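Work through the exercises below with the structure open beside you. Try each task before reading its solution.

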Amino acid sequence: MSDEPTETPDATDETGSVVERTQRELPSWERIRESELFVVAATTLAVAIFPWLFARAPVVSGVLQGYQDLATLILIWGIFAMGFNLLLGYTGLLSFGHAAFWGGAAYAAGVFSAQVSSSPILIILAGTSFAALSAWILGFISLRRGGIYFAILTLAFGQMAFYMALSPLAWITGGENGFTGVELGKLFGVFQLRYPVPGLDWLVGTWKYVLVGGVAVLCVAAANRILHSPYGMVFRAIRENDQRAEFVGLNVWRYKLMAFIISGTFAGVAGSLFTIYSAYVPLSSFYWTTSGEVVIMAVLGGVGSLFGPILGAAIYLYVENIVSGVQQLTLPFTGPNEYVTLVQEPVVLMDGFGAYWHLILGLVFVAVVVLFPRGIWGLLMDFGSAVRKLGGGR
Amino acid sequence: MALLETHNLTKSFGGLVAVDDVNLEIEEGESISVIGPNGAGKSTLINLVTRMLDATEGDIEFDGDSILKHEPHEVVQKGVSRSFQTASIFPELTVEENAQIAALAAEHGSFRFNFLRHRNNYGEVDRLARRTLDAVGLLGQRDVTAEDLPYGDKRRLELGIALASEPSLLLMDEPTAGMSPEETADTVELIEEVKEQLDLTILLVEHDMEVVFNVSDRIVVLNRGAVIAEGPPEEVQGNPEVQEAYLGGMDA
């Protein structure tokens with residue numbers, strides 16, 4: 001048996017290259033990690049234990065001080081950032097207008113719930129379809145220009161959506177007050193979203209989390225599949241050298257439009273879930289800061305990977321919601337409310353610490369961009385492979 | 001019938017006429033070279049044929065059809081592929097992925113809705129990519145990141161990308177620019193090899209006279225955008241007008 005790849009076309013059958021690949025290399029940790037089944041299984045596991053670890057586990061949750069709803073919100077923004085990264089990280093297109101799809105889907109989902117059906121699944125489908133359609137139209141126009149002009153056009157469209165929702169369409173959107181008429185029915189007609197899951201209450205909490213978590217796993221599976229389809233390769237080729245991609249015979253413009261629509265669709269899934277999560281649509285979902293936040297999340301976590309942006313979303317929301325609430329920064333294990341108390345009197349490092357959360361986030365962001373261009377996820381991956389090398393593995 | 005024909009092809013940038021009323025015919029299986037001093041309009045000619053630039057006047061026919069209104073990727077899909085003056089590759093992808101992208105475009109056409117289909121289902125793309133890498137002698141380096149290749153190999157890879165598009169006409173813009181004499185000799189050999197193997201028609205734009213005389217069946221001499229001479233290498237070399245415009249210095 002030859003260990004060199006076959007070089008003549010007729011010597012391999014249809015499945016030839018797959019067989020040959022597995023023969024050439026033994027399954028290593030890298031290969032297992034690449035496999036689709038592993039990605040989906042690991043994501044499911046992580047999503048299942050996340051709220052427990054974050055909000056209820058002994059010691060860990062005490063240190064993190066997380067809570068159930070924040071775990072849900074992290075997954076929602078994680079979907080948004082992951083889809084956004086297909087455009088930013090893989091295709092190399094910076095959009096500053098994804099609030100239009102997040103907000104558009106959130107409003108569409110809200111209006112749909114009030115007017116048509118309160119079934120959570122249908123609400124998600126309605127919001128997502130609306131976002132995909134908007135992304136098609138806005139992408140069709142914005143992608144006429146490249147680089148900075150593209151970014152500015154998307155920003156302009158995003159702000160246009162904001163002002164439309166603020167006043168001309170206030171009779172639908174509720175204007176400044178946001179959309180307050182969201183109706184939420186039972187999941188599959190059976191499960192009340194705010195009720196705890198019988199028997200698994202300690203692990204995942206409510207049905208709402210099960211819905212959001214399930215959709216998140218589906219989204220990861222879909223994004224992972226897209227990256228391993230021909231599109232994944234074409235997107236990266238466009239990012240690397242779009243002129244060359246055009247001159248090997250690829251319709252670069254249509255692939256860019258597809259990247260835009262796909263990322264807008266993920267934003268739509270997330271926006272619809274956000275409506276279900278908060279049972280309310282704030283006007284700020286259309287504001288440009290929403291577009292900015294998702295850029296920061298993606299870059300913070302790492303644009304070169306599927307999971308980086310989800311981690312980025314987690315860190316961003318953690319700082320925004322938990323760190324901002326910290327009154328006094330104390331040394332660990334000092335003060336009365338710790339698991340292990342060394343000193344009864346807390347050693348205070350800084351008063352009013354939480355008020356500086358924007359600054360903290362800014363410093364973390366600058367540090368990541370300057371020191372770790374592959375983001376925090378990239379840093380963790382490098383660290384992991386270094387540890388494995390030390391351990392003698394590959 | 002000629003594979004590629006241009007009729008009164010003209011391109012002007014403002015007042016400057018870069019390509020002036022050029023009528024070109026390339027027969028199938030022919031190797032022709034376009035030479036001329038700097039600024040003669042050689043690269044512009046290639047850019048016009050591949051639809052990177054819009055012609056001011058005239059027509060371009062490939063395989064009997066006008067391609068004047070086609071998008072660049074449509075021209076490639078019809079069978080016209082090109083290499084660039086600088087090594088235009090996908091730097092952060094591996095050598096194999098570079099070839100796979102071109103192979104994908106050749107096998108799947110310019111666009112498909114297959115974003116949920118796993119890449120393992122496309123064995124024919126992998127095979128075409130590997131065959132091409134083998135042809136340009138880069139199969140052994142298929143897992144190397146393209147930007148880590150030495151310059152000569154990057155140019156080889158670029159040629160590989162152009163070949164994986166499965167062209168019938170290959171346009172090469174100064175394939176030996178910036179190469180050492182050894183690399184140049186290798187490249188000439190490589191061009192002759194792939195021409196034999198893949199049954200290509202080649203249009204070469206080149207400065208290096210040695211390359212031109214080695215590779216071409218016919219030479220077209222451009223000066224200030226216009227064709228001043230055309231014919232087999234020996235004949236063009238002897239043409240006094242050409243010697244004055246371009247070759248004079250070379251013979252001395």
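## Exercise 1: A residue and its neighbours

This is a predicted model. Begin with A:F80.

**Task.** Leaving out residues up to four places away in sequence, find which residues A:F80 touches.

**Solution.** 
1. Skip the residues up to four places away in sequence from A:F80.
2. The contacts are then A:W102, A:F266, A:A267, A:A270 and A:V294.
3. Now widen the view to the largest nonpolar core, which has 174 residues. A:F80 is among those that touch the most other members, along with A:I76, A:I79, A:A81, A:A270, A:L273 and B:I101.
4. Helix α5 of chain A, residues 68–90, gives the most to this core: 16 residues.
5. Domain 1 and domain 2 of chain B both give residues to this core, so the core lies between them.

## Exercise 2: Where the chains meet

**Task.** State how many residues of chain B are in contact with chain A, and which helix of chain B gives the largest share.

**Solution.** 
1. Count the contact residues: 38 in chain B and 34 in chain A.
2. List helices on the chain B side. α2 (72–78), α3 (95–108) and α4 (123–135) each supply at least two residues.
3. Pick the main contributor. α3(B) gives the largest share, 8 residues.
4. Sort the chain B side by type: 16 nonpolar, 12 polar and 10 charged.

## Exercise 3: Two domains in chain B

**Task.** Locate the domains of chain B and describe the contact between them.

**Solution.** 
1. Domain 1 of chain B covers 1–79 + 168–252, and domain 2 covers 89–166.
2. Over C-alpha atoms, the centres of these two domains are 26 Å apart.
3. The contact takes 14 residues from domain 1 of chain B and 12 residues from domain 2 of chain B.
4. On the domain 1 side, α2 and α6 (181–198) of chain B each supply at least two residues. The largest share, 6 residues, comes from α6(B).
5. The domain 1 side divides into 7 nonpolar, 5 polar and 2 charged residues.

## Exercise 4: Strands around β1

**Task.** Trace how β1 of chain B pairs with β4(B) and with β2(B).

**Solution.** 
1. β1(B), residues 4–13, pairs with β4(B), residues 57–62, in the antiparallel sense over 5 bridges.
2. In this pairing, B:H7 stands opposite B:D59.
3. β1(B) and β2(B) form a hairpin with 2 residues between them. In the turn, B:G14 has a positive phi of about 60°.

## Exercise 5: A loop glycine

**Task.** Is A:G175 buried, exposed or partly exposed?

**Solution.** 
1. Find A:G175 in the loop between α9 (170–173) and α10 (201–204) of chain A.
2. Count 15 other C-beta atoms within 10 Å of A:G175.
3. Buried needs 20 or more, and exposed 12 or fewer. A:G175 is therefore partly exposed.
4. Beyond its neighbours within four places in sequence, A:G175 contacts A:L166, A:S167 and A:A170.

## Exercise 6: Chain B as a whole

**Solution.** 
1. With 252 residues, a compact globule would have a radius near 18 Å.
2. Chain B has 18 Å, which agrees.
3. Buried residues make up 48% of chain B.

Methods: Residues are numbered from 1 along each chain as its sequence is written. Chains are lettered from A and ligands numbered from 1 in the order in which they are written. This is a predicted model: local features need pLDDT of at least 70, side-chain atom pairs count only at pLDDT 80 or more; totals for chains, interfaces and linings use all residues. A nonpolar core is a set of buried Ala, Val, Leu, Ile, Met, Phe, Trp, Tyr and Cys residues joined through C-beta atoms within 7 Å. Helices (H or I, at least four residues) and strands (E, at least two) are DSSP runs, numbered from the N terminus. Domain bounds come from an automatic or database domain assignment. Two residues are in contact if their C-beta atoms, placed from the backbone, lie within 7 Å. Ala, Val, Leu, Ile, Met, Phe, Trp, Tyr, Cys and Pro count as nonpolar, Asp, Glu, Lys and Arg as charged, and the others, Gly among them, as polar. Two strands pair if DSSP finds at least two bridges between them. The radius of gyration is taken over C-alpha atoms; the globule rule is 2.2 Å times the number of residues to the power 0.38.
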